[in-house]
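Subject: Structure handover

Hello,

Here is the structure for your work.

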Amino acid sequence: VPMLFWFSSCRKTEEAKVQEQLQAIQKLATMGNLQTAYGAELKRSLWYDRFSKQAMKENLGDIAILFRALAHSEKVHAEAAAKLLRSKGVEPIEPAIDSIVPGKAKQYLKLSLSNENLEQNIYAADTAKAQEEHFTEAAEWFRRALEADARHARLLKKAIELETNFARLPYLMCPECGYIMGSDKMEECLVCKTKKDKFQKI
């Protein structure tokens, strides 16, 4: 009986330590940043899906495919953020989806590029904060999202510059970090090293 009591006591002590660690993490500024990022990623995923449909209406199939690829990428980011939040005992908060002013696909390209550039600045600061708070998992999430958003910006910038001459790429997306590759010659993801056989074609 004394031995059973000892094991039970040790288990309760360990559980208490885990709870204390979770409570400490939940108070970090990074948790708030991660919650905000989740909302932003989910919102952009929905926006890009709408932009893709608008491009199709304008018979801009290649632009529509680009927006579709971006929507998938942002969804991966949102799901990864939600998973990380839940692992720390916090439920992701669903964002209010703002209405979009009706416009043309080319206008949406410029709007999207502006948003992606802004997001890069935010995620760079969020990465630094997570590192400062020694929240390694969050720092890695922000790093991956930052790399993916930089890639989004490059693709959008190219589409804007080439206008009607923009041609779709064989978009392949890493299911782990959402990074979009424009070549099927990549053997692994440039960001998280996921192998080629797991890439998703869009």
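Trp141 is buried, at a relative accessible area of 9%; buried stands for under 20%, exposed for over 50% and partly exposed for in between, with a 1.4 Å probe and protein chains only.

On provenance: this is a predicted model, in which local features need pLDDT of at least 70, side-chain atom pairs count only at pLDDT 80 or more, and totals for chains, interfaces and linings use all residues. Residues are numbered from 1 along each chain as its sequence is written, and side-chain values use heavy atoms, with hydrogens and water left out.

Aromatic pairs

Rings of Phe, Tyr and Trp (its six-membered ring) are paired if their centres lie within 6.5 Å; planes under 30 degrees apart are stacked, over 60 edge-to-face, and the rest tilted. The count by this rule is seven aromatic pairs. One of them is the tilted pair of Tyr123 and Phe142, at 5.6 Å centre to centre and 55 degrees between the planes. Tyr123 belongs to helix H4 (residues 105–132) and Phe142 to helix H5 (residues 136–162), so this pair ties together parts 19 residues apart in sequence. Helices here are DSSP runs (H or I, at least four residues), numbered from the N terminus. Tyr123 is buried at 1% relative accessibility, and Phe142 is buried at 0%. Phe142 also pairs with Trp141: the ring centres are 5.0 Å apart and the planes at 85 degrees, so that pair is edge-to-face. Separately, Tyr48, Phe51, Phe67 and Tyr108 form one aromatic cluster.

Helix H5

H5 has 27 residues and spans 39 Å from first C-alpha to last, close to the expected 39 Å, where the expectation is 1.5 Å times one less than the number of residues. Glu163 follows H5 and has a positive phi, near 50 degrees.

Salt bridges

With a salt bridge taken as a side-chain nitrogen of Lys or Arg within 4 Å of a carboxyl oxygen of Asp or Glu, the structure holds 13. Within H5, Glu140 and Arg143 are three residues apart, about one turn of the helix, and their closest N and O atoms are 2.8 Å apart. Glu140 is partly exposed at 29%, and Arg143 is partly exposed at 29%. In helix H2 (residues 29–57), Lys53 and Asp49 are four residues apart and form a salt bridge at 3.5 Å. Lys53 is exposed at 51%, while Asp49 is partly exposed at 35%. Glu188 and Lys193 form another, at 3.8 Å. Shared partners also join Glu41, Arg44, Glu74, Glu119 and Asp149 into one salt-bridge network.

Regards

Note on methods. Helix = DSSP H or I, 4+ residues; strand = E, 2+ residues; numbered from the N terminus.
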